[in-house]
Amino acid sequence: MLKTLDIENIAVIEKTTVDFSAGLNVLTGETGAGKSIIVDSINAVLGERTSKELVRHGADHAFVSAYFEDISGTVCEKLEELGFDTEEDHSLLITRKISSSGKSNCKINGKSATVSMLKEIGSSLVNIHGQHDSQALLNPDFQYKYIDMLIEDTDFVSEYKNSFKQLISVRRKLKALTTDETDKERQLELLDYQIKELEDAGIKVGEKDELNKRKALIHKSEAITSALNTALLAINGDDEVNGAQTLINNCCNSLSFFDESKDICDIFEDINDKFELAKDKIESLFSLIDFNPDELEQIEERLDLLYKFSNKYGSTEEEMLAFLENAKEKRSSIFYSDEELEKLNDEYDRLFEQTVALAQRLSDKRRETAEKFQKEVKAELEFLDMPKLQFVVDFQKGNLSSTGFDKIEFLISTNPGEPPKPLSKIASGGELSRIMLAIKNILSYNDTIGTLIFDEIDTGVSGRASQKIGLKLKSVSKNTQVICVTHSAQIASNADVHFLIQKEFAGDRTYTNVTPLDFESRKKELARIMGGLEITDTLLTSAEELLNASQVR
């Protein structure tokens with residue numbers, strides 16, 4: 001449940017903290033005091049779309065934090081899926097900072113998050129029903145969801161969805177294979193060309209690097225040849241100058257007559273051996289740079305071919321060869337597509353038959369659940385002063401889709417003898433509010449959402465109906481935390497915790513405060529709601545009677 005809501009610089013609220021409790025929390029105040037701002041703030045911290053206009057005039061940013069206690073297992077699973085740790089005590093802190101430029105900074109348990117993450121988590125934490133929320137109830141495309149939420153065995157829904165998903169996957173494969181013959185010929189012609197071009201090229205891994213090295217060596221060959229010849233001249237000498245090897249041999253001959261110089265001669269002989277090794281290396285290098293005059297042109301042509309292929313088939317030799325293998329597989333799949341097509345058709349027929357059977361099973365379960373749902377809604381509406389209203393869940397068979405083949409629509413008749421018609425055609429605002437409350441009350445026993453928020457659910461209903469709505473909200477709050485914004489004294493009298501939203505003026509600025517009320521303060525507030533500006537003793541007595549009556553229940 002939502003335990004604490006902190007708000008800073010949201011519209012006319014400069015700074016306030018609201019500590020909600022379990023049960024029924026009611027917010028009242030004069031029109032324009034800022035009751036809707038509390039709901040807007042909750043919407044903001046739960047990831048709903050906001051505007052920079054929400055930021056209080058003159059402030060750099062707005063800030064909202066929501067602290068939840070005893071979050072459900074569903075919420076814990078979603079947190080883990082999104083990469084967030086869950087606290088041992090199952091608490092959760094969500095914050096959102098909105099700059100005056102409109103940018104948002106969001107956090108979940110202190111870890112950065114996106115607005116979409118907040119929205120995904122928020123949908124499992126809080127369900128807000130406002131004056132415009134009835135649009136979901138009016139839309140036949142969504143009414144099946146209310147029935148599905150009441151189906152106790154969730155396997156009926158999940159098995160169907162899995163089967164339909166497989167069916168769509170096979171259908172896509174079939175569509176890809178059942179191209180016309182002209183398209184097949186075009187694909188084969190292109191694949192044959194690509195395969196021949198790549199095979200004729202004889203591409204080898206590492207070839208480009210080797211060619212670039214050879215090219216670099218050829219470009220440096222003149223300088224290398226000159227350096228090698230200089231080295232050989234230094235070792236061998238020529239007709240005019242003795243080389244190092246000749247000089248060393250002469251020294252050895254001169255020293256050979258002295259036994260004492262044997263060690264020196266050994267060193268010279270070792271040097272001479274090294275010279276011989278150096279000459280062998282020089283000869284090998286000469287052979288490497290011995291190239292055909294046309295070789296450089298051939299290398300350039302080959303590198304140019306590889307460059308063109310890199311733009312068509314992949315930047316590396318590995319990617320080009322992988323493209324070749326993939327092209328061969330595609331060509332093979334086209335050749336054998338008739339055989340594959342037959343297999344897929346058999347698989348599609350099997351899955352279609354299976355999916356239709358599961359859709360029928362799901363439909364049967366929905367009808368069974370809807371029959372019970374109709375009776376429960378009727379009982380709830382009788383309690384909410386709508387005894388003559390008939391509520392019907394109408395089933396029509398439609399096309400197979402991800403939700404089955406049922407076209408479900410809620411029909412009502414507000415007058416005896418009149419045939420039931422779609423909710424959107426005849427329900428008034430007050431009737432819609434009560435129908436939604438009836439449905440929410442039924443769903444509250446199955447729903448894992450910990451907090452329900454009703455924003456001015458009393459709009460368009462009478463005092464007697466408001467009293468019934470208050471009792472029903474009280475009933476719902478025994479299973480789920482309820483937060484209600486209301487103008488009804490009858491509803492407010494049933495609150496476990498009552499907050500007063502007041503607008504104050506200081507200087508040239510407007511401020512909104514949120515204050516929890518004690519018994520005496522509640523009497524005054526209920527009297528104000530019932531009587532307007534002038535609070536009489538009679539109104540105070542009536543308010544006290546309402547409060548005392550609610551405590552007895």
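Reader: Which strand does Asn 9 lie in, and is Asn 9 buried or exposed?
Author: This is a predicted model, so the values here are computed from it. Asn 9 sits in strand β1, residues 2-10. Its relative accessibility is 16%, and the cut-off for buried is under 20%, so Asn 9 counts as buried.

Reader: On to helix α2. Which of its residues are buried, and how wide is the arc they fall within?
Author: The buried ones in α2 (residues 73-81) are Val 75, Cys 76 and Leu 79. Viewed down the axis of α2, they line one face of the helix, because they fall within an arc of 100°.

Reader: What covers that buried side, and which exposed residues are on the face turned away from it?
Author: The cover over the buried residues of α2 includes β5 (92-99), β6 (104-108) and α3 (115-125). On the face turned away, one of the exposed residues is Glu 80, with a relative accessible area of 53%.

Reader: How do α2 and α3 pack: parallel or antiparallel?
Author: Their axes are 9 Å apart and meet at an angle of about 170°. Angles over 145 degrees count as roughly antiparallel, so α2 is, relative to α3, roughly antiparallel.

Reader: Which residues of α3 make that contact?
Author: From α2, the contact uses Thr 74, Val 75, Lys 78 and Leu 79. In α3, the buried residues are Leu 118, Ile 121, Gly 122, Ser 124 and Leu 125, and they line one face of the helix, since they fall within an arc of 160°. The α3 side of the contact is made by Glu 120, Ile 121, Ser 123, Ser 124 and Leu 125.

Reader: Which residues have the most contacts inside the largest nonpolar core, and which helix gives the largest share of that core?
Author: That core has 48 residues, and the ones with the most contacts inside it are Phe 373, Phe 410 and Leu 473. Its largest share is eight residues, from helix α16.

Reader: What does Leu 473 touch, leaving out residues up to four places away in sequence?
Author: Setting those sequence neighbours aside, the partners of Leu 473 include Leu 24 and Leu 437.

Reader: Where is Leu 540, and how far is its C-alpha from that of Ser 169?
Author: Leu 540 belongs to helix α20, residues 537-552. At 22% relative accessibility, Leu 540 counts as partly exposed. Leu 540 and Ser 169 are 371 residues apart along the chain, and their C-alpha atoms are separated by 68 Å.

Reader: Last one: which element has the lowest mean pLDDT?
Author: The chain averages a pLDDT of 84, and 93% of the residues score at least 70. Strand β3 (residues 24-28) has the highest mean among the elements, 93. The lowest mean, 65, belongs to helix α4.

Methods. Residues are numbered from 1 along each chain as its sequence is written. This is a predicted model: local features need pLDDT of at least 70, side-chain atom pairs count only at pLDDT 80 or more; totals for chains, interfaces and linings use all residues. Side-chain values use heavy atoms; hydrogens and water are left out. A nonpolar core is a set of buried Ala, Val, Leu, Ile, Met, Phe, Trp, Tyr and Cys residues joined through side-chain atoms within 4.5 Å. Buried means under 20% relative accessible area, exposed over 50%, partly exposed in between (1.4 Å probe, protein chains only). Helices (H or I, at least four residues) and strands (E, at least two) are DSSP runs, numbered from the N terminus. Contact means heavy atoms within 4.5 Å. pLDDT is the predictor's confidence in each residue, from 0 to 100. The arc is that of the directions from the helix axis to the C-beta atoms. Axes are lines fitted to C-alpha atoms, for helices over the stretch in contact, and angles run from 0 to 180 degrees between N-to-C directions. Angles under 35 degrees count as roughly parallel, over 145 as roughly antiparallel, 65 to 115 as roughly perpendicular and the rest as oblique.
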